[in-house]
Amino acid sequence: MSSSPLTTGQRALLQADLEQRYRQLGRRLNEHRGGQSRVEYARATRTQDEDDAPQREGEREVDLALSDLEMHEYTQVGEALQRVGGGQYGLCVECGRDIPFDRLRAEPWASRCVGCAAAREQAAARQR
Ligand SMILES: [Zn+2]
């Protein structure tokens, strides 16, 4: 499978995607921080009255997990935008090959080609 460099139009499309995502996530994370800090939040969950419905506990965990995921995505999107600025966007950070447009469409913040991403996941799995 060969891949070609992004066209100007494709790059602009992905960049607009990233910028929109970055603003959205930034707003959401600010809303999260606007309430309790994360440490206080976790403590409040732990010291919660035992009588409290288990379902509410579950909702809190989902909320925290979502926030972690968003935080992770926010970081990745931020890094991708830096690569856009540095002219490195769309190139695999490991092997330097062009990342296919289809992959970037699905995951505009992807920093590795499919092969390198898979190799990295396998290496991480072995360390566990
Ligand atoms: Zn690669």
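Among contacts in the protein chain between residues at least 6 apart in sequence, what percentage join residues at least 24 apart? The share is 60%, where contact means heavy atoms within 4.5 Å.

The model is predicted: local features need pLDDT of at least 70, side-chain atom pairs count only at pLDDT 80 or more, and totals for chains, interfaces and linings use all residues. Residues are numbered from 1 along each chain as its sequence is written, and side-chain values use heavy atoms, with hydrogens and water left out.

The protein chain contains five helices and zero strands. Its pattern along the sequence is α-α-α-α-α. Helices (H or I, at least four residues) and strands (E, at least two) are DSSP runs, numbered from the N terminus. Of the 128 residues, 25% are buried, that is, under 20% relative accessible area with a 1.4 Å probe, protein chains only. The accessible surface of the chain is about 9100 Å², by the Shrake-Rupley method with a 1.4 Å probe. Carbon and sulfur atoms account for 48% of that surface.

A zinc ion is coordinated at 2.3 Å by the SG atoms of Cys92, Cys95, Cys113 and Cys116. Donors are N, O and S atoms within 2.8 Å of the metal (3.2 Å for Na, K and Ca). Their spacing along the chain is C-x2-C-x17-C-x2-C. Cys92 lies in the loop between α3 (54-86) and α4 (101-106). Cys113 lies in the loop between α4 and α5 (114-127). The pair is 21 residues apart and links distant parts of the chain. Both Cys92 and Cys113 are buried.

The arrangement around the zinc ion is tetrahedral because the four donor atoms subtend angles of 104 to 116°. Four donors count as tetrahedral if all angles lie between 85 and 135 degrees.

How values were computed:
Tetrahedral: all angles 85-135°; square planar, octahedral: opposite > 155°, others 65-115°. Buried < 20%, exposed > 50% of the residue type's maximum accessible area, 1.4 Å probe, protein only.
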